[in-house]
Amino acid sequence: MEQGNYSVGLDIGTTKIVAIIGKENEYGKIEVLGTGKSKSLGVHRGVVNNITQTISSIQQAVEQAELNAGLKIGSVVVGIAGQHIRSLQHSDYITRANSEEVIGDDDLDKLCNQVYKLVMLPGEEIIHVLPQEYKVDGQSEIKEPRGMYGGRLEANFHVVVGQVSSIKNIGRCIKSAGLDLGNITLEPLASSDAVLSQEEKEAGVALIDIGGGTTDLAIFKDGIIRHTAVIPFGGNVITEDIKEGCSIIEKQAELLKMKFGSAWPGENKDNEIVSIPGLRGREPKEITLKNLSKIIHARVVEIIEQVYVEIKNYGHEEQKKKLIAGIVLTGGGSQLKHLKQLVEYITGMDTRIGYPNEHLAGDSDEEIASPLYATAVGLLMNAIENQKKNMGLENESMEEEVLVEQEVSEGQASGTYNKERKSIFDKWSEKLKDFLDNAE
């Protein structure tokens, strides 16, 4: 199989690194060809803090995916998160040279590229420029300005900013692992592609991706991204609390959380006890499940409250900005028992758990349809999208070359190439003019 036929998403998380190889099938669904997963060493709260360990973890995951699929990985799309990520709103405009021509992709690109030139704080770089609504000659609330006439094109943008050093470190890890960096995407955006439906994005929804090191938030309304945030707490802080509170080692704390953990203390009876083997012949420890869920509850409430502050900052309490579809929880941390009920209780918003299986082909491995893989599936979708765009551009440029060659050769044959060609639009407007003149 040639390199052109498949794409790769690489999720560099705090607890695990996942590589997914896939391609789009004839029904527009994603067919997963191979996956690889390795324990993530060298990443803390979504930021690389040990290059060597991260490189070897990436290589492990990539090799496993390559073996699984029987393919060689070239370029990958990577996610970025971490507490250095911040977002801001910005408005910008361009004045078009010729308002008699319709607005096209070039104008939109020019406007976006202008925003990329914004002066940021030292050490920061713009990761995404996401247009929200456009204005054409003062007419507001335009979602799709292509094909319209107008001299002044304005837009509101959601700009996502991150630390240059963090972005460079990720790039360095990818290159050193022998891969090409296709694109860097904000993780909450990738997760939202994988688990949210278009209806939810229209109605208004907050996606909360609870990972190991960070909790990512993306808010959509009217089908447009409105707010993003990364909160530097995730499942690992809960594990840390259990470890400290119960005086046990991290491995045991993680198992306890996954097997017996609950975010709602009322669910456990006082006499439910779990016994943990002691280290090196020491006495086993007995822990009541009630205490365990109290420890978990306290930390989870803190995480949800921080996310809720961000949702309020966006303006959820205003009637116009209300998130009708409520909250979607995804990521490994969303699998904690009774978390959905706790989130509904704290925020008063409808909540569901988001699974990335909507976009996957029917015969996909069940494991990949777990919330754990939401970001990785979203990154794979992003990689496939990029590849389609690139192929489209290549085809266009090839077609243009062929057309120009044909015109040159025809023009030389008839000696008329120097005459300016009339565009279809000019011909059409002339016909219209003649028709109106005759009608008079």
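The largest cavity in this predicted model has a volume of about 40 Å³. The count comes to one cavity of 30 Å³ or more. The largest pocket holds about 1800 Å³ of space, and 45 residues line this pocket.

**Cavity lining**

- Two elements, strand E5 (47-48) and helix H3 (164-176), each give two or more residues to the lining of the largest cavity.
- Helix H3 gives the most to this cavity lining, with three residues.
- By residue class, the lining of the largest cavity has five nonpolar and four polar residues, and no charged ones.

- Among the lining residues of the largest pocket, Val-129, Leu-130, Pro-131, Glu-385 and Lys-389 are the closest to its centre.
- The helices that supply at least two residues each to the lining of the largest pocket are H2 (105-116), H4 (187-195), H5 (198-203) and H10 (374-414).
- The strands that do so are E8 (124-136), E11 (180-186) and E14 (224-231).
- H10 gives the most to the lining of the largest pocket, with 11 residues.
- The lining of the largest pocket comprises 18 nonpolar, 15 polar and 12 charged residues.

Definitions and conventions: Residues are numbered from 1 along each chain as its sequence is written. This is a predicted model: local features need pLDDT of at least 70, side-chain atom pairs count only at pLDDT 80 or more; totals for chains, interfaces and linings use all residues. Side-chain values use heavy atoms; hydrogens and water are left out. On a 1 Å grid over the protein atoms alone, a cavity is a set of points where a 1.4 Å probe fits but cannot get out, and a pocket is an open set with protein on both sides within 12 Å along at least five of seven lines; lining residues have an atom within 4 Å of a point. Grid points are joined across faces, edges and corners, and a volume is the space filled by probe spheres set on the points. Helices (H or I, at least four residues) and strands (E, at least two) are DSSP runs, numbered from the N terminus. Ala, Val, Leu, Ile, Met, Phe, Trp, Tyr, Cys and Pro count as nonpolar, Asp, Glu, Lys and Arg as charged, and the others, Gly among them, as polar.
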